[in-house]
Structures are given as C-alpha cells and as structure tokens.
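Please keep the structure open beside you as you read.

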Amino acid sequence: MAYALPKSWIAPLKAIVFTLSLVPLARIIYAIVLDPLSLGANPAETILHRSGDWVIYFLLITLAITPLRKLTGWNDLIKFRRMMGLYAFFYASVHLLSYIGFDRLFDLSDMAKEIVKRPFILVGFAAFVLLIPLAVTSTRGWVLRLGGARWSTLHKAVYPIAVLGIVHYWWLVKRDITWPLVFALVLGVLLAYRGFKRGGKKSRAAAS
Amino acid sequence: MPRYLFPTPKGSEITPREVYLDRRRFIAGATTLGSLLAFGGSAEAAASATEPLKFSKGTAPTPSDKPTARELATTYNNYYEFGTSKADPARNASTLKVKPWTVEIGGEVAKPRTIGIEDLLAMELEERVYRMRCVEAWSMVIPWVGMSFSKLATLVEPTSKAKYVKFTSVARPEEMPGVRTRVLDWPYTEGLRIDEAMHPLTFLTLGMYGETLPNQNGAPVRIVTPWKYGFKNAKSIVRIDFVSEQPRTAWMTAGANEYGFYANVNPEVDHPRWSQKRERLLPAFFASRETEKFNGYGAEVASLYAGMDLAANF
C-alpha cells in the first residue's frame, strides 16, 4: 500500500518544513529584541526550557518517522528524517549555548566543573556530544564513505541519545514529573515498536 | 407608519440577578477561558483584586537594588497549590476565596486564639523592601507590607515549651487545582526555630507594592524570612502552631536531602543538583550576581547560627 507524492512536491514541502522548524527560534529572537517581557520574569530560563523542549520534540519526531512510514506506507516521510534530526542537533546547540552564556557567563572552566559535578548536566552534555558525530555524518557523502551498514549502526546512537535527553529533563524538574513522564512514554512506544518489529523478524526467520 | 420594535428577549433568557452580580467569578472564568484560547494569554488579567494599605516606612535594611517590577513579581511564582509552572499561580489563583479569613494560633501558648484577617490589617503596618532569593538561584527585590511576626507571637504568649513555630497553608482542592494533584504532601507546611521566628526581620506579610497581597503571592497573609530560600515563606497561612519539636516541612517530606529545615541562603552550600554560588536578579538574562551568605542579612542573623555547621544543617 505504499504511495508517494509527485516528485516535484518534495522540494517545496521540504522548504516549508524547514521554515516552520525555525519558528521556535524566530519567536525567541523576536521576543529578545522586541518584547522581552513576553519571556516572563526569567527570560533566560524561558529560553533554556523552550529550546530544550524543542530538542526533545525533534528527537521524538525523528524517531517517529520510520514507524509512521511503515504504518501508513507513505515512504516519502523518510526524506524528512535527516532534517528533523539536524534540527534536534540545532536546538540542542541553542540550548547548550544559552546555558553556557546565561548560566555560566561563557566561563568554560566553570562550566567544565559544573558538568562533572551535576549528574543531570553531565547527562544532557553527553547527549549533545553523542549528537555531534550523527550530525556530521548525516550527509549522503558520509553514508557512502561509511557504507550503509556501518552508517546505520552509528546512527542507532540516536536511541541512547533520546533516553539521555529525557533523563536529563526528568532529573532537572523539582517535583512535577508530568512532562518528562509523557516524553518517556512516547519514547517507550517508539522504541518498543522497533523491538517488536525486530523480534517479529527473528521469530519468522526461526520458523522458516 | 410601522413602529420599530426592538427584539426583546424572552423572560427565561434574561440573566438572573445572582448570576450577573457574581461578577468576579464570571470574569475569572471568562479570563481563564480567554487565556486558554489566546496564544500565551495575559496572566495578569485573571489576577485577583488587591486593595491599597495604610503603612509606615519600615526601618529594616534596604537593599541597594531597585524593587523588581510588580508585573514580574506577580506573574512568576512558585505556588504549587495552583500549578507547578511559574505562570500557573497568576492564571489560577483568582479562585481562592480570601474573605473571610482567619488564622488559628495554638500549641504551646498561654493564650491560643483565632484572629481574623481584618484584625491583622487593623494593626500597625510597615513597608520593608527585602531581597528574595529562591532556591532555584533567581532573586527579586520586593516591597512587602506587614509587621514583625514577634508582634503577633507576643499576643498569644508562647510558653517555655515553644521551641519551634509551624506554619500551615490553606489547602482547598476545589479552589486550588494543584491540591488535587499529589505534587506535594498537602497542606503545605513550613517551620522556623523559635529564635528565628521571633527575630525582628521575620515578617508577617499582608501586602506588597503598597496593596494587599495578590492571591498568587500568598494572600491574605504569609510569612517572609529574607535570609532564607523562598520556599520557607509559607503562603496563605491558616494555622500557626508553637511546638516543642522541629516540624517536618512539606519540602523536607518531598526531598530531605535537597531541602533542609534551615534553608539559609548560602553560596558555600550547593543544592545537590545545582550551584548556589551565583544568582539571576530578575529579569536579568545572566546569572552574574554573587549570592551573599544569609542573602545579605548576615549582620542581623548570623549570630543565630553561631557554632552551627551550616553544611550539615542546610
């Protein structure tokens, strides 16, 4: 039941998704420049939280693409996966930069000390560091250079990265774990789908 | 010539008097709906009505920083009874009925009594500008209106058995959405050692910015101890008990390794998950301000803790 959009639609659709994905950042910049009060009494915290939220949204969207593609048979979805993954990395960079700037005042030695001392920051930082090779090797050239199998093994790192991201969030909240829990459940479903698929393949192989 | 008849509603459609008189509830409901619909919504619109207060200028040390804008101090609150996001209290707190209000004072006292908010408001009030440091490493400067807690305490005559004071906040699930969740062990309780409670800086607070407290800031009466982290400042107090043993506070129950009984502002003792060395004086972007021990009130209160290990008694 696979179906596809006309080829000529893909490029404009990509441009639309690309632009929409910049809206969260555009809203933050607009607020800083023209309407700081809209960011509330603690604008730096608002920016940190919003950019952090978007990292998790984009990670979950990225991870939802394969299940959605298989369930709907809409194979074009795969063409958007790299962009979503790169946006997760992009907002993670915004998030980390805001932290380094607003919280640690660009003092890198101070930041290094904090990262080692605070497990939740260490976990978030580890997730960011793991994202770097995935972002770098996201191009077609790198797929060819590494070979499909090795490339896809490397990019399985996105699973632990998503787990680390949610642990980072869970660990940070003072008391109300509603949202980290919701994200963890969504991630759980997305990972369980893959486990189920693999388990299914194996048992079929064993039966044959 | 045809007479113009303007459309008259049927009798059954006319709003009953009691409904349109119940304006406050209607407006509160409408703005909640409005802010749900509107993108972002205005939290201020739903804020509770406040009334001007009569007071004198206080004598407590005044911080060199200017007071935080009222708009910010009344829209960025930790008041989990109304929700855990900072914007929730300003959005949700208008449902709390703060009139009539009484505070029951009992325990180890010679003259237990129940005192009405109107009696408290009739006492001599003063304004004090205090620094407010949250355990989350942000701070504000707020002009409070009220009186030293010791003034109230002397009315009930604590006995020699009174070693601590326990404050209990209101917990009404039907008026406070957060109380319907189990985010903390309700009702919110806080406590002070008796000498801390009787310290002249400990402020029984009835107002801010010259007016009665907005609901989201702990109306109609709260406690403020400026040298401690903000969570020590119990809001919307309904009970004050003088007790012989150190009370277990709501935040100690939630996480005793992170929130101690003393909770004195101290840059040398970090929260287990974050540093307390610096703070963000809102609405600044950068956390560039060095946190002061006892929030800058060391000259007044350090002697209370002479010989105590403040890292162990955090």
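## The open sheet of chain B

In chain B, five strands make up an open sheet with mixed pairing, in the order β3-β2-β11-β6-β7. Strands here are DSSP runs of E with at least two residues, helices are runs of H or I with at least four residues, and both are numbered from the N terminus. Two strands count as paired if DSSP finds at least two bridges between them. β3 (113-116) and β7 (189-193) of chain B stand at the edges with a single partner strand each, so one side of each has no neighbour in the sheet. On average, neighbouring strands of this sheet are turned by 20° against each other, direction ignored.

This is a predicted model, in which local features need pLDDT of at least 70 and side-chain atom pairs count only at pLDDT 80 or more, while totals for chains, interfaces and linings use all residues. Residues are numbered from 1 along each chain as its sequence is written, and chains are lettered from A and ligands numbered from 1 in the order in which they are written.

## Who pairs with whom

Strands of a sheet pair through backbone hydrogen bonds, either parallel or antiparallel. Strand β2 (residues 102-107) of chain B runs antiparallel to β3(B), and four bridges join them. B:Val103 has B:Ile115 in β3(B) as its bridge partner.

β6(B) pairs with β7(B) in the antiparallel sense over five bridges, and B:Tyr164 stands opposite B:Arg193 in β7(B). β6(B) also pairs in the antiparallel sense with strand β11 (residues 237-243) of chain B, over six bridges. There, the bridge partner of B:Lys166 is B:Asp241 in β11(B).

## A buried strand

Chain B holds nine helices and 13 strands. Of its 314 residues, 42% are buried. Two residues are in contact if their C-beta atoms, placed from the backbone, lie within 7 Å. Among contacts in chain B between residues at least 6 apart in sequence, 70% join residues at least 24 apart.

Strand β5 (residues 138-148) of chain B runs parallel to strand β12 (residues 278-281) of chain B, with two bridges joining them; B:Ser139 has B:Leu281 in β12(B) as its bridge partner. β12(B) is also joined by two bridges to strand β13 (residues 289-290) of chain B, and these run antiparallel. In that pair, B:Arg278 stands opposite B:Glu290 in β13(B).

Two packed helices are described by the angle between their axes and the distance between the axes. Helix α4 (residues 108-117) and helix α5 (residues 119-136) of chain A pack at an angle of about 105°, with their axes 5 Å apart. Axes are lines fitted to C-alpha atoms, for helices over the stretch in contact, and angles run from 0 to 180 degrees between N-to-C directions. α4(A) and α5(A) are therefore roughly perpendicular to each other (65 to 115 degrees). A:Glu114, A:Ile115 and A:Val116 in α4(A) meet A:Ile121, A:Leu122 and A:Phe125 in α5(A).

The largest nonpolar core has 95 residues, and those with the most contacts inside it are A:Val55, A:Phe58, A:Leu59, A:Ala88 and A:Tyr91. Such a core is a set of buried Ala, Val, Leu, Ile, Met, Phe, Trp, Tyr and Cys residues joined through C-beta atoms within 7 Å. Leaving aside neighbours within four places in sequence, A:Leu59 is in contact with A:Ala88, A:Ile161, A:Ala162 and A:Gly165.

## Where the chains meet

Thirteen residues is the count for chain A: 13 residues of chain A are in contact with 20 residues of chain B. α2 (43-72) and α3 (81-103) of chain A each supply at least two residues of the side of chain A that touches chain B.

Technical notes
Parallel < 35°, antiparallel > 145°, perpendicular 65-115°, else oblique. Buried ≥ 20, exposed ≤ 12 C-beta atoms within 10 Å, placed from the backbone.
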